[in-house]
Amino acid sequence: MKEERKLTWKEHLSSLSSYLDEKGIDLAYVADPVDIAYLTGYSSWTEERVFALLVSRTSQALLLAPAINEGEVKQTAWADRACFYQDGENPWEKAKERMTAWPKGFWAPEARTVTLSHYRTIKEVFPEANLAADISSWLARQRMIKSPAEIEKLQAAGRQADQALELAFALLKAGQGMSESELALELDYQLKRQGIGDLSFPLIVQAGESAARVSGLPSQKGVQAGDMVIFDLGIMKDGYASDVSRTVALGEISPAKWEIYNVVRRAQEAAAKAARPGMTAGELDQVARGVIEDAGYGQYFTHRLGHGIGMQVHEQPNLQPGSEQKLEAGMCFSIEPGIYLPGVGGVRIEDCGWLGEDGFHPFTKTSKDLLSLGEK
């Protein structure tokens, strides 16, 4: 499995060249840093500077990067396939010098990412280029179906998310009276201190009536006895994300809160059990939504059932009402129903996992029994 991980990006790159050749497209221009990492194994963020991957149907590839990245790029497998430019230089002129023997008449840029400014600059340097195609949908499709190597990375990220939840529960129990913001800051600090990993998105901690909001930044509101507390967090591990939500109780909670917790748990578990290749995303959403509607809380489940996950915490597919997207083996996504009662509080339970021929396999294993962190 370790060797397969090393080859993942090479396989992705080879698939792209094959696709271009099949479609008669000379050149793909990939501009999204995450898509570049998917195809090269090299991750960087160059802010406003041009950072691009050019791939031909004849399997040529060139990584176009600012000179400030030269040192780190030369430590990767792309040392001999990179082109660097200084601030003030035209990056596309530098690229053209390296592409003299390339077929490059018919381009497929990543249209959702390429700016109008970049488009105009390319046309100035490559006036013969026809940029009418778009590689965005192909990339989204490729990233939606994960390889065994990618699934292994997502499992590792999930294990770290479980560790982060364990730490979150301990902090809540020890720090009763802290605000949502204080809990989030302390948890972030402890995660970094223990080397668990970087967050895949800003920590969400919502308690009491704040938990009736679907999402939002932690507030200065203190966490009090009788509150339900939502923790929503994720960890980045080796370039892949995790995302998990659990709701816990601080002390004794009202029967109404127990009821909505149990409804959400039944909905989440019903959807996880029902997930199979061949059903639509909309059908799976309705499995969970039906449980919540039958319990009389349909109007308080106000978001989609889930989202894809991979190198980003939100990817395709979207598990939302009415979606005709067919679920396929190898897709990785969240199942996260919720109920949000204004003036009372909210509950969300979420696991991300991968879909096999035999069903849904969660990356996170933290118990869904309602944990009550009683005051002492």
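Student: Is the crossing of α4 and α5 left-handed or right-handed?
Tutor: In this predicted model, helices α4 and α5 cross in the right-handed sense. The contact draws on Trp92, Glu93 and Lys96 from α4, and on Thr121, Ile122 and Val125 from α5. By class, these contact residues comprise three nonpolar, one polar and two charged.

Student: At roughly what angle do the axes of α4 and α5 cross?
Tutor: The axis of α4 (residues 91-98) and that of α5 (residues 116-125) cross at roughly 45 degrees and come within 9 Å of each other. The relation of α4 to α5 is therefore described as oblique.

Student: What about α2 and α6: how do their axes cross?
Tutor: Helix α2 covers residues 33-40 and helix α6 covers residues 136-144; their axes come within 12 Å and cross at roughly 60 degrees. An angle from 65 to 115 degrees would count as roughly perpendicular, and α2 and α6 are therefore oblique to each other. Their crossing is left-handed.

Student: Which residues of α2 and α6 meet there?
Tutor: On the α2 side they are Val34, Asp35, Tyr38 and Leu39, and these meet Leu139, Gln142 and Arg143 in α6. The contact of α2 with α6 holds four nonpolar residues, one polar residue and two charged residues.

Student: On to sheets. In what order do the strands of the five-strand sheet run?
Tutor: The order is β4-β3-β2-β1-β5, in an open sheet with mixed pairing. Strands β4 (82-85) and β5 (107-109) are at the edges with a single partner strand each, so one side of each has no neighbour in the sheet. From one strand to the next, the twist averages 20 degrees.

Student: How many bridges join β1 to β2?
Tutor: Four bridges join β1 (residues 27-30) to β2, and the two strands run antiparallel. Within this pair, Tyr29 has Leu54 of β2 as its bridge partner. Helix α4 packs on this sheet, where it touches β1, β2, β3 and β4, and its direction makes about 145 degrees with that of β4.

Student: And what is the order of the three-strand sheet?
Tutor: That open sheet has the order β6-β9-β10 with antiparallel pairing. Its edges are β6 (198-199) and β10 (240-241); each has a single partner strand, so one side of each is without a neighbour in the sheet. Strand β9, residues 235-237, pairs with β10 over two bridges, and Lys237 stands opposite Tyr240 in β10. Helix α7 (residues 148-174) packs on the sheet and touches β9 and β10, its direction making about 140 degrees with that of β9.

Student: Where is Asp238 found, and what is its phi near?
Tutor: Asp238 is found in the loop between β9 and β10. Its phi is near 55 degrees, which is a positive value in a residue other than glycine. Most residues other than glycine have a negative phi.

Student: Is Asp238 buried or exposed?
Tutor: Asp238 counts as exposed because its relative accessibility is 55%, and the cut-off for that class is over 50%.

Student: What is the phi of Ser59 near?
Tutor: The phi of Ser59 is near 75 degrees, again a positive value in a residue that is not glycine. Ser59 is found in the loop between β2 (52-56) and β3 (61-66). With a relative accessible area of 53%, Ser59 is exposed.

Student: Changing topic: which residues does the cis peptide bond join?
Tutor: A cis peptide bond joins Gln316 and Pro317, with omega at about 5 degrees. Most peptide bonds are trans. Pro317 lies in strand β13, which covers residues 315-319.

Student: Finally, how many residues of β17 are buried?
Tutor: Strand β17 (residues 351-356) is mostly covered, with five of its six residues buried.

Student: Which strands does β17 pair with?
Tutor: Strand β14 (residues 332-335) pairs with β17 in the antiparallel sense over four bridges, and Phe333 stands opposite Gly353 of β17. Strand β18 (residues 359-362) also pairs antiparallel with β17, over four bridges. Leu355 stands opposite Phe360 in β18, and a hairpin of two residues joins β17 to β18.

Technical notes:
Residues numbered from 1 in each chain as written. Predicted model: local features only at pLDDT ≥ 70, side-chain atom pairs only at ≥ 80, totals over all residues. Heavy atoms only, no water. Pairing = 2+ DSSP bridges. Contact = heavy atoms within 4.5 Å. Axes fitted to C-alpha atoms, helices over the stretch in contact; angles between N-to-C directions. Buried < 20%, exposed > 50% of the residue type's maximum accessible area, 1.4 Å probe, protein only. Parallel < 35°, antiparallel > 145°, perpendicular 65-115°, else oblique. Left-handed = near helix turned anticlockwise from the far one by under 90°. Nonpolar A, V, L, I, M, F, W, Y, C, P; charged D, E, K, R; others polar.
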